[in-house]
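Please consider the following notes on helix packing and aromatic pairing while examining the model.

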Amino acid sequence: MADEQKYTIKKTNPVPWITGVVLAVVWLVISIVPFFFMILNSFKDKFEMLVKGVFQMPEKLNWANYAEVIGGNFLRYLCNSLLVLAIALVVLLFISACAAYPLARFRFKLNGPIYSLIVACMSIPMHITLIPVFRMTRSMGLYDTIWSLIGPYVAFAVPISVFILTAFMKGIPVEIEESASIDGCNRYRMFFTMILPLSTPGLSTLAIYNGVSMWNEFSFAYTLTQSPSARTLPLAVWDFQGQYAMNTPMIMAVLTLTVLPMILLYIVMQDKLVKGMTAGAVKG
């Protein structure tokens with residue numbers, strides 16, 4: 001008879017797993033509590049929040065706060081933000097993809113210096129450019145228009161976008177392009193029909209990352225716009241805070257409506273975000 005093989009079952013240490021779960025739950029609570037506080041108090045009356053506890057359920061859902069906010073200039077601010085965000089993201093992703101592709105695939109003498117220069121631009125503080133950008137905008141006749149925001153938004157997002165896309169495109173197998181080249185596909189067609197579709201996870205990640213930054217941007221919007229017809233949502237919060245300084249539930253309603261589009265965007269594109277963050281992590 002053959003000798004019986006003895007298998008020893010290795011016991012896994014549950015402490016790291018339990019610690020990770022506890023930390024995840026703590027982080028979840030820390031992230032959810034502000035949203036719960038904001039939404040809960042947005043349905044209260046003006047003095048109900050002061051008389052009762054801030055985490056106590058409202059006596060009734062007071063939709064008048066949302067009706068008053070929407071009845072003001074909020075929809076104009078929202079349309080401005082959506083228009084600026086859509087145009088800026090399209091321009092940004094196209095420019096970044098066009099810049100990242102030759103840096104990832106072509107070999108030329110200035111490849112390293114150009115890439116290093118782009119990475120170095122990530123360290124430029126945004127606030128030191130406010131005055132030059134303001135003077136440039138005035139001289140171009142774009143001051144106090146939503147078009148004045150697109151240029152700065154794109155310019156400051158290009159370095160990090162090119163940096164991420166270059167690393168992402170380097171992970172795309174070169175054999176795909178070599179096969180297409182044998183079939184007579186030129187570089188331009190290869191870029192638009194093959195590289196861009198394969199880079200969708202990375203582009204989606206950049207769209208969410210830069211979209212949140214552009215959506216919440218305040219400094220350039222406050223400096224380059226003045227009239228309500230050209231202002232974006234961060235300035236809506238600023239204006240409503242001054243108008244309803246003593247009405248905290250109204251301000252909470254404004255904040256809820258402001259963050260809602262980004263939450264919906266993340267819910268719709270979360271699978272793309274995860275794929276873009278994990279792409280290239282495992283090779284094989």
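1. Buried means under 20% relative accessible area, exposed over 50%, and partly exposed in between, with a 1.4 Å probe and protein chains only. F192, at 44% relative accessibility, therefore counts as partly exposed, whereas F191, at 5%, counts as buried.

2. This is a predicted model, in which local features need pLDDT of at least 70 and side-chain atom pairs count only at pLDDT 80 or more, while totals for chains, interfaces and linings use all residues. Residues are numbered from 1 along each chain as its sequence is written, and side-chain values use heavy atoms, without hydrogens and water.

3. Rings of Phe, Tyr and Trp (its six-membered ring) pair if their centres lie within 6.5 Å; planes under 30 degrees apart are stacked, over 60 edge-to-face, the rest tilted. The count by this rule is 11 aromatic pairs. With ring centres 5.2 Å apart and planes at 45°, F43 and Y66 form a tilted pair. F43 lies in the loop between α1 (14–42) and α2 (48–51) and Y66 in helix α3 (residues 64–105), so the pair ties together parts 23 residues apart in sequence. Helices here are DSSP runs (H or I, at least four residues), numbered from the N terminus. Both F43 and Y66 are buried.

4. F191 and F192 make an edge-to-face pair, at 5.0 Å centre to centre and 75° between the planes.

5. In α4, Y115, I118 and V119 meet P159, V162, F163 and T166 of α6, where contact means heavy atoms within 4.5 Å.

Notes. Helix = DSSP H or I, 4+ residues; strand = E, 2+ residues; numbered from the N terminus.
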